[in-house]
There are 2 protein chains.
Amino acid sequence: MVEFSQRSQRFQASAIRELFKLMADPEIIPLSGGSPADESFPLAEIRTIIDDLLATQGSALLQYGITTGWQPLREAYIQHLLQPKGISAAAENVIITTGSTQGIHLVCDAFLNEGDVVLVESATFLNTLNVLRKFGAQIVAVDMDDQGMCIDDLAAKVQQYHPKLLYTIPTFQNPTGRTIPLERRQAIAQLAAEYDFIVIEDDPYGDVRLEGEALPPIKYFDASGRVIMMNSFSKIIAPGLRVGAAVGTAEIISTLEVFKQGMDTHTDNLAQAVCAEFLNRGLLPAHLQRISAMYKERRDVMLSCLDTYFPASCRYTIPQGGLFLWVELPPGSDTTALLNKAVQAKVAFVPGAPFCLDAESGKRYMRLNYSFSAPEQIREALRRLGALLHDELQA
Amino acid sequence: MVEFSQRSQRFQASAIRELFKLMADPEIIPLSGGSPADESFPLAEIRTIIDDLLATQGSALLQYGITTGWQPLREAYIQHLLQPKGISAAAENVIITTGSTQGIHLVCDAFLNEGDVVLVESATFLNTLNVLRKFGAQIVAVDMDDQGMCIDDLAAKVQQYHPKLLYTIPTFQNPTGRTIPLERRQAIAQLAAEYDFIVIEDDPYGDVRLEGEALPPIKYFDASGRVIMMNSFSKIIAPGLRVGAAVGTAEIISTLEVFKQGMDTHTDNLAQAVCAEFLNRGLLPAHLQRISAMYKERRDVMLSCLDTYFPASCRYTIPQGGLFLWVELPPGSDTTALLNKAVQAKVAFVPGAPFCLDAESGKRYMRLNYSFSAPEQIREALRRLGALLHDELQA
């Protein structure tokens, strides 16, 4: 039988994939996903917007569109999501993507040759690791502390490995919830300019801030044109729409355009137009306030339950936004094994190992999501997990 | 500055790309595109469907979906588009794609190693050629006659090149409008089984039949599981939705799923649900009748104008469906050069060269689209093109 490509062997056999199928059990409390709350979606606004759009520009929306994106969305993205962060861009600097997953894939396609070095945070987004593996990248982890990526280690690895690309989630990082402070952001942009590598600044969570002051993106410090910032409407409007955006130099964007042409021609017009109208009608600020209040309550319940139910030897991050926190268990813990027991107890989380290049070092960690489940579910889930952990420690 | 990947050099510098930008001039009559008519879209039905869907399952549609597709669409695709063609499939045999462009990309990702041989029709879909080039395929053209791909030449090239993949558009082919007859379809499936290669049967146009009897797809004859059929909702509902589907063995589909996960996670749920409802409400047959009647009128106008306005030395195909016909000009003609003059005369078509691996042999051809423009525009465009061609022949 015809053999699959070599690159199809590069995806890691996912130990947790089968477990994820078990998680479809509706009785399980899922702290495992990365989904916004169902009740967070601005459904009434979207219904009105779609009805208006189809009444006034239905044919244009149903017809083929332009690969770089629905023009009103490119403009609205610049005006409402870039300019307020101090980033000036023209339409030629922007491409709309089918989620920021596609944006990451496009940048890999445009820049990576087999064997190129890509630096990532020592625990990072699973899907990016898989895409980098597919492209045959040599992936190198950069150490993190409580403030995210360590610049000393980054500088050392840049000099040692001459990377082509750095992938970072600087704000409310997945999986750790950590945020890189201002000076480090500036340093990352400077290192990229000095040592000539591309930075993918993946920022799907930055606008979901529960408290504290917003920081300028790395892109803000990008005098050399080497930073490509990715944004997503998944966490701020709705993931089902599959709309993201990337901003970079005109040369980079037009290269991404050629690759996108071969991937899906363009992103669904109606979904793009919904995002544009949502921004242009000024609905985003109130919506972000509403979901931030919702997620802050959930995060606070989770933090208080971690104190109440988890063994005192556990440590955890206190994210100022986003969807996740990261729990560190005592040495010798194995969260992949623990997940089996948790699923029996009808609770799901994601064990640390798959986020880490060095799976062994990830075994002490678990990622908990606080955006999807209601506060009382979070409380019950943490109670059950806490009981399991106390049993483990006594065993 | 950071260099782009080697694969980004593989896209052919598109000579017609700049011309396509000129074609944005609204005064130009576009016989160049591959778009359905704006007035063909079932806009009222789609408005009603979306309103119903958002009223009843809004949260599920706005939430993250499953990589293989919105379950009701997988089922509706099987029931309404596969079973009537004699193809039996279960959900595990189906993946919903972001247009069939994505389906083609996924199969390349799953099967092609650098240097693998891929057979294509001697004139074929531009975008597929670009994707194959990106993957570093060695592309080999198979001769065509009036009945599409020649089986003798296919058999000879299969034995000579040991291809990994054959890409074919058997029904109302792009760009020629030709349809492969039944015995050849059977022969293709048999050759794939005997010589162990994968067939991509790209079928976006098959349901847009203007006259004549439908033929079974190559997939119908696929006893060995080597045929992957791609369908699209772009031509039968609306391209702006970006929804397609692929059917193959469970093993192949689950491999495509892993690649799709890294490309866009899943296809827009609402767009998928619109397609599912359109099928399940039984709206497709009447809609296909309506657009077929519309396109038949336009095709007939084009055929009659070819007789009236074009030099008698021109030959052309008479497609029984789809969106395109293919005109052969006398030896020595150069349609790429002609396009410059046509654009001056405010008419656009696609010259033959970019569809052909051997660009030189494509210079005599042009592809004309009859689906997008109204009959009176088609008449005027053919009158202008005919005048240009008479001038050329007298020069």
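Domain bounds here come from an automatic or database domain assignment.

A word on the model. It is predicted: local features need pLDDT of at least 70, side-chain atom pairs count only at pLDDT 80 or more, and totals for chains, interfaces and linings use all residues. Residues are numbered from 1 along each chain as its sequence is written, while chains are lettered from A and ligands numbered from 1 in the order in which they are written.

Chain A first. Its assignment gives domain 1 (14-42 + 286-394) and domain 2 (43-282). Their C-alpha centres lie 26 Å apart. How many residues of domain 1 of chain A are in contact with domain 2 of chain A? The count is 29, and they meet 29 residues of domain 2. Contact means C-beta atoms, placed from the backbone, within 7 Å. On the domain 1 side, helix 10 of chain A supplies the largest share, six residues. Helices (H or I, at least four residues) and strands (E, at least two) are DSSP runs, numbered from the N terminus.

Now chain B. Helix 10 (residues 284-309) packs with helix 13 (residues 375-394) at about 25°, axes 9 Å apart. Axes are lines fitted to C-alpha atoms, for helices over the stretch in contact, and angles run from 0 to 180 degrees between N-to-C directions. The two helices of chain B are therefore roughly parallel; that term covers angles under 35 degrees. Who meets whom? From helix 10 of chain B, the residues include Glu297(B), Val301(B) and Tyr309(B). From helix 13 of chain B, they include Ile378(B), Leu382(B) and Gly386(B).

Methods:
Parallel < 35°, antiparallel > 145°, perpendicular 65-115°, else oblique. Contact = placed C-beta atoms within 7 Å.
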